[in-house]
Amino acid sequence: MISDQRRGLPASLQLLYFAAVAIWLLWPLPLYFTTALPTGDSPTATVPMLNAWIVWWNSESLLRGFVDYWDAPIFHPSPGALALSEPQPATLAMAPIVYGIGPVAAYNSYAIASLLLNGWFASRLLRTMGASNLAALAGGTAVELHPLALNNLEALQLVPMWSVMWTIDLLFRFRRTADLFTGSLVGVALGVTALLSLHHTLFFGILLAMSSWTLLMKEPASFKDQEFLPARRPIWLWPGGGLLAVATCLLISLPVVLPVLSIHQQYGFARSDSLVAALSATWADWWTTNSTAWIRSGSLDLCSFPLLPGVLRTVLATFGLCWCFRFSPRCCGFLLLMLLGSLTLSFGTHLSLGEWQLWPNLTDWLPPLSRVRSPYRFAYFTQLAIVLLASFVVGRCNSWISSRVSGVGVSGRMRVVKPACVAGQILLFAVVVLEVMPPRTHLAFTPLAGQMPAWVDFVAHETPADKAIVCLPVARDVSELANQQETVWMLYATQHQIPLVNGYSGFTPRPWATLRPQLANGSLDPKMLATLRSMGVHFLVIRKDKVQDSVLEFVRGCQGCRSRFEDEWSLIVELQSSEV
């Protein structure tokens with residue numbers, strides 16, 4: 001039988017195992033560790049290159065003592081550019097790799113670390129819930145293979161969910177121990193979530209408010225696992241630990257949250273109703289599995305996002321709620337409410353009762369939700385809850401089968417029953433881990449892969465202090481594909497470190513939103529040059545093979561422009577201060 005009486009693997013071996021799984025998932029990335037970025041199902045490298053630039057800027061800001069941290073060197077001279085995307089200050093942990101190897105290697109290291117920590121903290125949470133060692137290891141592997149996280153691998157800020165599971169784990173432990181130290185750790189875990197992803201912090205905060213009351217539930221007296229029975233503690237420790245958790249969380253998260261909210265309010269950002277509707281889930285999405293699933297459900301042609309994390313996993317999770325709720329109502333109840341809450345909210349603007357819509361009312365009650373672009377991403381938490389519940393019930397089934405068959409002889413019908421039980425256990429673990437096989441990782445090679453163009457060194461040494469450059473061509477439109485060119489310029493900026501008027505982010509400031517279409521149409525004229533000078537532009541960097549001939553003719557013949565550098569591919573023009 002598949003028994004779990006032995007001790008689990010040491011933490012160091014577990015981390016090595018989950019690291020090996022992460023490398024397998026991202027293969028062949030390790031072969032191109034310093035030159036390529038992993039992507040999910042997106043056909044472009046725009047988002048990965050944006051996030052690689054953010055990893056670089058966080059590390060660069062550390063060297064500058066975080067002076068002008070939020071005024072990142074894109075969209076010059078608009079302030080607060082870093083807050084227009086996920087700032088991800090947790091990537092500061094990769095600073096030594098940025099300094100020693102480069103931002104691409106740091107990005108890839110962060111991706112591997114995020115995946116392995118997802119698996120390790122999921123395994124830890126399942127052990128706290130009472131799952132067997134083997135079930136916890138299988139569940140951790142399944143969480144590391146989180147379908148939506150791997151499909152959207154280019155969204156690096158959404159990959160790390162380990163702090164969410166760490167928070168839930170500590171909440172379960174705090175309910176049992178009610179000690180101040182565990183309460184403070186709950187605050188640390190939730191605060192770290194904000195450093196990893198403000199998006200996940202907002203969504204998880206809503207789900208936590210919906211689910212946390214289940215911690216007040218009592219475990220049944222018949223529950224035999226005494227480790228998870230509440231201990232007798234002084235009553236004042238409960239509110240004291242809770243207040244300490246809130247204070248610790250605010251201490252860690254507010255230095256990030258408050259500037260982002262202030263900058264967003266300054267710009268007046270909000271998402272359009274049509275965009276939010278297009279990125280809200282539908283029943284067709286929730287009925288559809290990935291093409292790599294054992295059992296295909298739904299049609300990929302009729303949905304926008306395949307969100308069902310496996311038919312068999314969902315059946316196991318449902319069975320687990322019915323069977324395991326009597327063993328551990330607190331843990332199962334918490335995950336059930338997180339599942340139902342995230343499932344409901346993933347429908348976004350599609351959820352309504354007659355003329356009454358839930359999402360617009362939520363954005364009125366909670367203004368930060370008005371900046372959310374993709375309500376369907378609540379599915380990250382739905383899939384997480386389903387995988388955890390499925391792993392928990394498989395662990396319970398494994399223990400139940402082992403307790404009834406172990407020690408029994410192999411004579412008679414047991415010669416058939418025992419192998420059948422072993423096969424059934426193996427199948428259950430395989431369903432949890434491998435029902436939805438991971439997609440093949442695609443690689444996007446960055447402009448930092450080859451020899452650095454000569455113009456990069458030129459602008460690094462010749463651009464005066466407090467001046468900026470604008471690079472042509474610019475994005476033709478606002479699509480992710482078109483903006484890949486902007487992120488190419490941003491990665492070059494990690495080498496020359498001169499502020500760019502160009503840029504790409506989750507939100508676009510009004511000056512660049514106005515200027516970009518004019519530059520994209522080749523509208524270079526004396527008035528445009530005057531505008532660029534007023535924005536502090538010193539050099540025009542032009543990729544000659546990607547702009548119209550009229551642009552090259554204009555800058556070469558304009559009295560207000562002076563050619564300073566030219567090679568086979570690039571032309572650098574200085575904007576002189578004299579009137580044209």
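1. D169 lies in helix α7; helices here are DSSP runs of H or I with at least four residues, strands are runs of E with at least two, and both are numbered from the N terminus. Because its relative accessibility is 0%, D169 counts as buried (buried means under 20% relative accessible area, exposed over 50%, and partly exposed in between, with a 1.4 Å probe and protein chains only). Not counting residues up to four places away in sequence, D169 touches R124, L125 and T128, where contact means heavy atoms within 4.5 Å.

2. The model is a predicted one, in which local features need pLDDT of at least 70 and side-chain atom pairs count only at pLDDT 80 or more, while totals for chains, interfaces and linings use all residues. Residues are numbered from 1 along each chain as its sequence is written, and side-chain values use heavy atoms, with hydrogens and water left out.

3. How do α4 and α7 pack? Helix α4 (residues 103-129) and helix α7 (residues 162-177) have their axes 8 Å apart, at an angle of about 20°; axes are lines fitted to C-alpha atoms, for helices over the stretch in contact, and angles run from 0 to 180 degrees between N-to-C directions. The two helices α4 and α7 are therefore roughly parallel (angles under 35 degrees count as roughly parallel, over 145 as roughly antiparallel, 65 to 115 as roughly perpendicular, and the rest as oblique). On the side of α4, the contact includes S114, L117, F121 and R124, and on the side of α7 it includes W162, M165, D169 and R173. By class, the residues of this contact of α4 with α7 are 10 nonpolar, 3 polar and 3 charged (Ala, Val, Leu, Ile, Met, Phe, Trp, Tyr, Cys and Pro count as nonpolar, Asp, Glu, Lys and Arg as charged, and the others, Gly among them, as polar).

4. The contact is made by L190, T193, A194 and L196 of α8, together with L198, H200, T201, F204 and L208 of α9. These residues of the contact of α8 with α9 comprise 6 nonpolar and 3 polar, with no charged residues.

5. G395 has its place in helix α16 (residues 379-405). With 1% relative accessibility, G395 counts as buried. Its C-alpha is 7.6 Å from that of A136, although G395 and A136 are 259 residues apart in sequence. Leaving aside neighbours within four places in sequence, G395 is in contact with S132 and A135.

6. Two loop residues may be set side by side. T446, in the loop between β4 (442-445) and α18 (454-462), is buried, with a relative accessible area of 6%. Apart from neighbours within four places in sequence, T446 is in contact with T35, L37, V104 and L491. A465, in the loop between α18 and β5 (468-472), is exposed, with a relative accessible area of 68%. Between the C-alpha atoms of A465 and I498 the distance is 8.8 Å, and these residues are 33 apart in sequence.

7. As for the whole chain, it has 22 helices and 8 strands. Of its 580 residues, 57% count as buried. Among contacts between residues at least 6 apart in sequence, 77% join residues at least 24 apart.
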